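Visitor: Could you walk me through this structure and tell me what stands behind each term you use?
Guide: Gladly; let us look at it together.

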Amino acid sequence: MDVREFMICFQERYSDVDRYELAEHRDIRDFEDRLGVKLPLSFCTFLSEFSNGIFLLDCEPIGGISEESPCGAICKSHVILPDLPDKIHIRETDELIDSNHLISFTMFDAVENSNDHWVFLCEEGIPNNEYRLGFISQSSKVIVKTLPCFEEWLTVFWNHDDYDENAEPVFYTFYPTLDERFEILSN
């Protein structure tokens, strides 16, 4: 599901959900310059056409480019997890990534009240900066789950919505029980 399709479906189903003011393209570019990383085109579309940060259906706290957005500003993962090592292991692919290349777009795990969260894996040469995503564990400092891009994340989110404004966090769709999540996040 591309980002615009998500926006149309969301508006049809949840027309009364409050969204934060939209980001201007100029402000996104200025924010990227300060961050030192270009954001995915699909995420920029989300910020400029849907909401500049949103606590999405009370389960996914998506940051914006402003500290005033409902969940704060997206940031380098060091801001949320200041004790990150220089290299982070990506468990599914058994590779390492520089922790300075991790940009947090969800700000915490709202349901578990933890600092586990989704990040963009910012790597060079990706068309339209449509980076892979990773879910990083605050306890193990490991990326325990990956997805190919932000639009895939939106698709998983949307496909597991139960129509009552209490959607399931994306990570939980892969690890539905508390025991499964504890196991994957703590090892």
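Guide: To begin, there are zero disulfides here. This is a predicted model, in which local features need pLDDT of at least 70, side-chain atom pairs count only at pLDDT 80 or more, and totals for chains, interfaces and linings use all residues. Residues are numbered from 1 along each chain as its sequence is written, and side-chain values use heavy atoms, with hydrogens and water left out.

Visitor: Why is Cys-149 called buried?
Guide: Buried means under 20% relative accessible area, exposed over 50%, and partly exposed in between, using a 1.4 Å probe and protein chains only. Cys-149 has 19%, so it counts as buried. Cys-71, at 14%, is also buried.

Visitor: And what makes Asp-18 exposed?
Guide: Its relative accessible area is 71%, which is over 50%, so Asp-18 is exposed. Asp-18 lies in the loop between α1 (3-13) and α2 (25-35); helices (H or I, at least four residues) and strands (E, at least two) are DSSP runs, numbered from the N terminus.

Visitor: What makes a set of residues a nonpolar core?
Guide: The members are buried Ala, Val, Leu, Ile, Met, Phe, Trp, Tyr and Cys residues, joined through side-chain atoms within 4.5 Å. The largest core has 49 residues, and Phe-6, Phe-43, Phe-46 and Trp-153 touch the most other members. Helix α5 (residues 150-159) gives the largest share of this core, six residues. A second, separate core has 14 residues, including Leu-81 and Ile-136. In soluble globular proteins, nonpolar side chains tend to be buried together.

Visitor: How do you know that α5 is mostly covered?
Guide: Seven of its 10 residues are buried, among them Trp-153 and Phe-157.

Visitor: Why is the pair of Phe-43 and Phe-105 called edge-to-face?
Guide: Rings of Phe, Tyr and Trp (its six-membered ring) pair if their centres lie within 6.5 Å; planes under 30 degrees apart count as stacked, over 60 as edge-to-face and the rest as tilted. Here the centres are 5.9 Å apart and the planes at 65°, so the pair is edge-to-face.

Visitor: What makes Phe-105 and Phe-120 a stacked pair?
Guide: Their centres are 4.7 Å apart, with 25° between the planes, so the angle is under the 30 degrees set for stacking. Phe-120 has a relative accessible area of 0%, so it is buried.

Visitor: How do you know that β7 and β8 pair?
Guide: Two strands pair if DSSP finds at least two bridges between them. Five bridges join strand β7 (residues 117-121) to β8, and the strands run antiparallel. Four of the five residues of β8 (residues 132-136) are buried, so β8 is largely enclosed by the rest of the structure.

Conventions: A disulfide is a pair of cysteine sulfur atoms within 2.5 Å.
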